[in-house]
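Here are my comments on the model, point by point. Please read them with the structure open.

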Amino acid sequence: MKFASTRDPGTRTDLSTALIAGLAGDGGLHVPSTLPRFTPADFAADDSIAGVAACLLQPFFEGDPLADELITICAEAFDFPAPLKPLPVGQTHLLELFHGPTAAFKDFGARFLAGCMQRLRTSVDAPLTILVATSGDTGAAVAAAFHGLANLRVVVLYPEGRVSPRQAHQLGCFGNNITALRVTGSFDDCQRLVKQALSDRELQADVALSSANSISLGRLLPQMAYYAHSALGHWRRTGAPLGFVIPTGNLGNALAAILARACGLPIGEIALATNANRVLAQFFAGANYAPMPSVATLANAMDVGAPSNFERLRWLYPDDHALRAAFAVHAIDDTTIRETIRNGLQGLGEIFCPHTACAVAALEKLRRGGATQDWAIVSTAHPAKFEQIVEPLVGRVVPPPKALADLLDRPAHAEPMASDYAALCTFLRQRE
């Protein structure tokens, strides 16, 4: 399959080239030239999450040098579960995506991308620097996935003081080929610096760069797999499509579900939960799309004022009226996040991270509005990553899973950096 740019449908790029480049040459985002179509029967041979991923992604890899490695890459990346947990609240489930090495959903895509990149770079190539902007979880997932890989470096930019202490520790605890930069500014500043660098041909003549944010196809495409896997399992058990309520900031995780549904998977309605950064909520309520400076919230990984993947969403739905009709979007403020964590979904004792709490609150709004179909709340991170928020609200300690505890035991270091493009360029050139 070939891939086009969101800004020029006439461009044609193979998958490996798109993965290495990150952004399209015109500054747009890579998108499939066509979308394959599937039926549930297509996945009958192997219903494991790795098997579903390999089947689902095969058309996207067809004709690419990575095609022969796809099954192995999927087996490496999807080696931990994504359980769909039934809840004793009418037709409600919890899709737990936090069982990976950094306790966040981004482990799936980051490990898949690392597997691809490891195979695309040879010992004779110049070192490739993976440049990552993170609002909390992306950077740690990418750092863990790429840690120790030959000829691959990672530079993570995160907004100083705007990630949780445990997130910050994860970002700085790897060392070796991983560098964390704590940037004076917001996530939007970090994202702007990364995009500018990836579009700077003069810089790229000196430093080979790529991306591991959700703008990367290597992150986006594999994230379709856990939606496909959970929806197929639910379909086989009940014969009904499964809807998803997805916490979202940069729109990558939500877009993966949207693409999976567009490919024919038995996915019902898709609802998006944002925090007090209301860019998407305002657009879906009828306003013009207008990015704005992000504001800090309890759900910090969603503190995004200019969602990158909105460009891909508009590629899929070029008519704004049709786009607004396709999805429900609910903005959840910090007060509601606190109440939702404290109440634990109608007193069931479930403990949620602040991002998952946004999805819980959004589903409660949908239920009050008469939505009776089967829904899954997408739980994007383990609550122990946000213990300073969660523990006072639930009144007890939330033990971290072992993988997270092991990372927290390591020493951590991050280098300071101004929100200044010249400073970033100097830093990257000096590392060569």
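1. Strand 10, residues 242–247, is mostly covered in this predicted model. Six of its six residues are buried. Which way do the residues of strand 10 point? L242, F244 and I246 point one way, while G243, V245 and P247 point the other way. Both sets are buried. In a regular strand, side chains alternate between the two faces of the sheet.

2. Strand 10 pairs with strand 11, residues 267–274, in the parallel sense. Five bridges join the two. Within this pairing, I246 stands opposite L272 of strand 11.

3. V245 has I377 of strand 13 as its bridge partner.

4. Three strands form an open sheet in the order 2-1-3, with antiparallel pairing. Strand 2 (8–14) and strand 3 (30–32) stand at the edges. Each has a single partner strand, so one side of each is left without a neighbour in the sheet. On average, neighbouring strands of this sheet are turned by 45° against each other, direction ignored.

5. Strand 1 covers residues 2–5. It is joined to strand 2 by three bridges, and the two run antiparallel. For a residue-level check, K2 stands opposite D14 in strand 2.

6. Finally, Y158 in strand 7, residues 152–159. Is Y158 buried or exposed? Its relative accessible area is 6%. The cut-off for buried is under 20%, so Y158 counts as buried.

7. What is Y158 in contact with, leaving aside its neighbours within four places in sequence? The partners are T134, V163, A168, L171, A180, L181, R182, V183, C190 and A414. A180 lies 22 residues from Y158 along the chain, and their C-alpha atoms are separated by 7.6 Å.

Terms used: Residues are numbered from 1 along each chain as its sequence is written. This is a predicted model: local features need pLDDT of at least 70, side-chain atom pairs count only at pLDDT 80 or more; totals for chains, interfaces and linings use all residues. Side-chain values use heavy atoms; hydrogens and water are left out. Two strands pair if DSSP finds at least two bridges between them. Helices (H or I, at least four residues) and strands (E, at least two) are DSSP runs, numbered from the N terminus. Axes are lines fitted to C-alpha atoms, for helices over the stretch in contact, and angles run from 0 to 180 degrees between N-to-C directions. Buried means under 20% relative accessible area, exposed over 50%, partly exposed in between (1.4 Å probe, protein chains only). Contact means heavy atoms within 4.5 Å.
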